[in-house]
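The entries follow in the order I checked them.

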Amino acid sequence: MSSLTQRILLGEFDGSSSDDDEIAMAQLNMAKQYRKFQRRRQQGGHVGFTIGRAWIPRDRVVTDQRLNADYFCEYPLYDEKLFQQRFLMSRPLFYKILGKLQQHDVTFVQRNDATGAAGLSGIQKMTAALKMMAYGTPADSLDEYLKIGESTAVDSIQSFCRDVISIF
């Protein structure tokens, strides 16, 4: 750790250093956040959340049921031709890839969150990854139909690409 970083973390930085202002300001901000984090921890406060971050109630179970009714049930709303057109692959190939991904990585297995509620299904995560790759869909726009947050969508595509390369 540099002496500048140590001074910042200890609250001894006075800004008169000849170091690059941009780096110093970034380190100062990080140190400020770190000190705030430490104070909350010492006071017994919860430190596992991001201040100012909004929680959006997404009904993932209903969304998963709708996605299954649209594309993956016995008699889906959209037939095989539309499935192939939208996913750029056949339904059996989709299932084969998903099965391999689920065997290789727990990211694509549906799990419960900390509250016991069902998380996103593997189908939702793989659909998000495919939409981003096939159509260049931005991660934040997937929330409208798939009810998947931007960070989760980005994690899904990263896991998908890493795992497909590893498996196939």
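At what angle do the axes of helix α4 and helix α5 cross? I find that α4 (residues 80–87) and α5 (residues 91–104) cross at roughly 55 degrees, and their axes come within 9 Å. Axes are lines fitted to C-alpha atoms over the stretch in contact, with angles from 0 to 180 degrees between N-to-C directions. Helices are DSSP runs of H or I, at least four residues.

Source notes: this is a predicted model, where local features need pLDDT of at least 70 and side-chain atom pairs pLDDT 80 or more, while totals for chains, interfaces and linings use all residues. Numbering starts from 1 along each chain, and side-chain values use heavy atoms, without hydrogens and water.

Next, the contact (heavy atoms within 4.5 Å). I see E80, F83 and F87 of α4 meeting R91, P92 and F94 of α5.

I then followed F87. Beyond its neighbours within four places in sequence, F87 touches Y71, F72, F94, T127, L130 and Y135.

I turned to α5 and α6. They pack at about 110 degrees, axes 11 Å apart, and are therefore roughly perpendicular. On the α5 side I list F94, I97, L98, L101 and Q102; on the α6 side, G122, I123, M126, T127 and L130.

Last, the largest nonpolar core: 25 residues, buried (under 20% relative accessible area, 1.4 Å probe, protein chains only) and joined through side-chain atoms within 4.5 Å. F72, F87, F94, M126 and F160 have the most contacts inside this core. Its largest share, six residues, comes from α6.

Conventions: Helix = DSSP H or I, 4+ residues; strand = E, 2+ residues; numbered from the N terminus. Buried < 20%, exposed > 50% of the residue type's maximum accessible area, 1.4 Å probe, protein only. Parallel < 35°, antiparallel > 145°, perpendicular 65-115°, else oblique.
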